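Trainee: Please take me through this structure by question and answer. I would like each reply to end on the value or name requested.

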Amino acid sequence: MAKKQREKKQKGRRNSLLYTIVTCLLIVVSVVGACTVFFRVEFVSVEGNERYSEEQVLSVADVELGANLILTPGEQIAQRIYKGLSYVNHVDVQKRFPTTLKLVLTESVPVAVMSSGDGAEWVIDSQGKLLEKVDDTLALEYIDVEGLTLENPQQGQQAQVPQENGDQLAGLLKLLQAIESRGIVDKISEIDASSRTEVVFFYEDRLKVKILNNADFERKIRILEAIVATLGANERGTIDLKTDTPIASSDM
């Protein structure tokens, strides 16, 4: 009798487990089916675009209207935008249920100009991304980088230089990032990155500034700003920030 009762209980537990599994599978199938039927891409919005029109972004993004919103591949959409629009630095693809896909763009800011071996001028951002090839007139609007030559430049790709100049490029980009962070891009006219030990730039076309190539550039820029604040508006000269004790020499 006891054996039959145990078998009956075990059978009941197995039936209960089977029922639970079947119920869960039915729920999953129902949820997936509902998502497939109801969550469709009906609207695509674009934010953060200044250089490109909404139509340009949507054309490159190539989002399939009517496709399932959950299964829409956000990373693929972002990659198409990066490839087609070189000034786009970041794309955040947001799915707003039930029917909207939102594309939030962050655009690159052009900062400097570098030359390639064939003499072409390329605008770069502070991260070294090649934004576009420009003519001599447009190149004058940005910081002129001397002493480095681009190798095989391609729009939308990172700047490349000969291997032996890799440290110089790294120092240049760190300097550009510090200049951008401090908000003084418009005060810098030229950067000479030809040396492997130091980088030289011209501040307001009147002050020649020297900094070691591996320095904490943001800290050095803050020191420079403090020094400039003590100088006359028309004073010219050289400021050497390669040591812990800045050296300023006037040409006046």
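**Salt bridges, loops and helix packing**

Trainee: Into which accessibility class does Lys242 fall at 28% relative accessibility?

Mentor: A residue is buried under 20% relative accessible area, exposed over 50%, and partly exposed in between (1.4 Å probe, protein chains only). At 28% relative accessibility, Lys242 therefore counts as partly exposed.

Trainee: What kind of model do these values come from?

Mentor: Residues are numbered from 1 along each chain as its sequence is written, and side-chain values use heavy atoms, with hydrogens and water left out. Local features need pLDDT of at least 70, side-chain atom pairs count only at pLDDT 80 or more, and totals for chains, interfaces and linings use all residues; the model is predicted.

Trainee: How many residues apart in sequence are the parts tied together by Glu198 and Lys242?

Mentor: Helices (H or I, at least four residues) and strands (E, at least two) are DSSP runs, numbered from the N terminus. At 17% relative accessibility, Glu198 counts as buried. Glu198 belongs to strand β9 (residues 198-203) and Lys242 to the loop between β11 (237-240) and β12 (247-250), so the parts that the pair ties together are separated in sequence by 44 residues.

Trainee: How many salt bridges does the structure hold?

Mentor: For the structure, the number of salt bridges is five.

Trainee: Which residue of the pair Lys102 and Glu47 counts as buried?

Mentor: This pair links distant parts of the chain, 55 residues apart: Lys102 is in strand β3 and Glu47 in strand β1 (residues 43-47). Glu47 has 38% relative accessibility and so counts as partly exposed. At 14% relative accessibility, the buried residue is Lys102.

Trainee: Which residues are linked with Lys187 in a network of salt bridges?

Mentor: Glu204 and Arg206 form a salt bridge in which the closest N and O atoms are 2.9 Å apart. Arg206 counts as buried, because its relative accessibility is 12%, whereas Glu204, at 31%, counts as partly exposed. The residues linked with Lys187 in the network are Glu204 and Arg206.

Trainee: What is the phi of Asp205?

Mentor: Asp205 is in the loop between β9 and β10 (207-212), and Glu204 has its place in the loop between β9 and β10 as well. Glu204 is not a glycine, yet it has a positive phi of about 55 degrees. Asp205 is exposed, because its relative accessible area is 55%. Although not a glycine, Asp205 has a positive phi of about 60 degrees.

Trainee: What distance separates the C-alpha atoms of Ser189 and Ile143?

Mentor: Ser189 is in strand β8 (residues 188-192) and counts as partly exposed, because its relative accessibility is 25%. Ser189 and Ile143 are 46 residues apart in sequence, and the distance in space, C-alpha to C-alpha, is 5.0 Å.

Trainee: Which residue does a cis peptide bond join to Phe97?

Mentor: Phe97 lies in the loop between β2 (88-96) and β3 (100-107), and its relative accessible area is 47%, so it is partly exposed. With omega at about 15 degrees, the cis peptide bond joins Phe97 to Pro98.

Trainee: Are α5 and α6 roughly parallel or oblique to each other?

Mentor: Helix α5 (residues 166-181) and helix α6 (residues 217-228) pack with their axes 8 Å apart, at an angle of about 50 degrees. Angles under 35 degrees count as roughly parallel, over 145 as roughly antiparallel, 65 to 115 as roughly perpendicular and the rest as oblique. Axes are lines fitted to C-alpha atoms, for helices over the stretch in contact, with angles from 0 to 180 degrees between N-to-C directions. The relation of α5 to α6 is therefore oblique.

Trainee: How far apart are the axes of α2 and α3?

Mentor: These two helices are also described as oblique to each other. Helix α2 (residues 54-61) and helix α3 (residues 74-84) pack at an angle of about 120 degrees, and the distance between their axes is 8 Å.

Terms used:
Salt bridge = Lys/Arg side-chain N within 4 Å of Asp/Glu carboxyl O.
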